[in-house]
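Here is a short note to go with the model. Please read the points with the structure open.

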Amino acid sequence: MLVARLAPAIAAGRHRAPVRGVGQRGRCDQRGAGVAEMTRMTASCRVLGFELRLITPDCALYYADADELDALQSEPWWAFVWPGSFALAELLQTRPELVRGKRVLDVASGCGISALASLQAGAAHVVANDIDPWSLRAVRLNLGQADAVWAHDAEAQGRLSCCGENLIGSSVADMAAQGVGPVDVILAGDICYEQPLAGEVRRWLASLLSRDQSPPPVVLIGDPGRAHFVDTFRPQSSNPKAASYFPDGSLDRHSLAPEREERGGEGQLDQLEIVAAHRSQLSGLIADTSHGLHTATVWELRLKTEA
């Protein structure tokens, strides 16, 4: 069954990357099923105030076996709300000023919940980035669902663009060549699901923070505490002066001074810290498809502040 196969991977991070080029419109039409046909509207993610199209127990694909999944040529990771992305969306609902009027890049966008939350919070422009073409179709479809609710925001479609290139490791110039950037905010939900990818993400984000852009982009990472994330970023008990989005101190503060990279300190990793910004409780369909995970945290990766 699909959920029995994918849920442990969502929790532990055993994520097989989609095959580039699979899911082109012609192939999808040839198989007679698109995103809308394979998913159902669900109210389980009401954090955005509207329903998303996801794979639920009412979908035939929910019970698909290995042969049926192989026919898709790409496992439907885009059809679930991952815990880190949910936490990012929830944070933007409570702190819309983080993205309001800003240019946002949502890396590994999946179903698009973080990108849509950015639009809803008033972002000037959002790039939904995912190498799986099925994902980008799902983002557009879910934006269409949102349009019915956002009657006051007729320009939402024009404020979203999609990028199917692998941006991890790209320079600012490389991203600009793909029509991405400069950006003010980078969202990265559930992206540290395996090695060496987690290390590549860390070096890439560090390099973007150390560039000459002033102010540097705000980098927010959503993760439920997977081993690859913890091993790579090593969040530890922190300096009590570290900033938090919770002035009442209700959230434990953590920070990190990443160790210097052996290859010459690439990205100035020793000049960074990571601070907890938000914690979400998982429930409903999100918890059911996350194989026992109950919380997810948003971390801000940033240049060290003065002591």
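1. Is helix H9 mostly covered or mostly open? H9 is mostly covered, with 12 of its 13 residues buried (under 20% relative accessible area; exposed is over 50%, partly exposed in between; 1.4 Å probe, protein chains only). The buried residues include Leu197, Val201, Arg202, Arg203, Trp204 and Leu209.

2. A word on the basis. This is a predicted model, in which local features need pLDDT of at least 70, side-chain atom pairs count only at pLDDT 80 or more, and totals for chains, interfaces and linings use all residues. Residues are numbered from 1 along each chain as its sequence is written, and side-chain values use heavy atoms, with hydrogens and water left out.

3. H9 covers residues 197–209. Its first and last C-alpha lie 18 Å apart, close to the 18 Å expected (1.5 Å times one less than its number of residues). Helices (H or I, at least four residues) and strands (E, at least two) are DSSP runs, numbered from the N terminus.

4. The largest nonpolar core has 39 residues (buried Ala, Val, Leu, Ile, Met, Phe, Trp, Tyr and Cys joined through side-chain atoms within 4.5 Å). Leu48, Leu52, Val81 and Ile113 have the most contacts inside it. H5 gives the largest share of this core, 6 residues. Another core, of 31 residues, lies apart from it; Leu197 and Cys163 are among its members.

5. The whole structure has 0 disulfides (pairs of cysteine sulfur atoms within 2.5 Å). For Cys162, the closest cysteine sulfur, in Cys163, is 8.9 Å away, too far for a bond. Cys162 is partly exposed at 31% relative accessible area, whereas Cys192 is buried at 1%.
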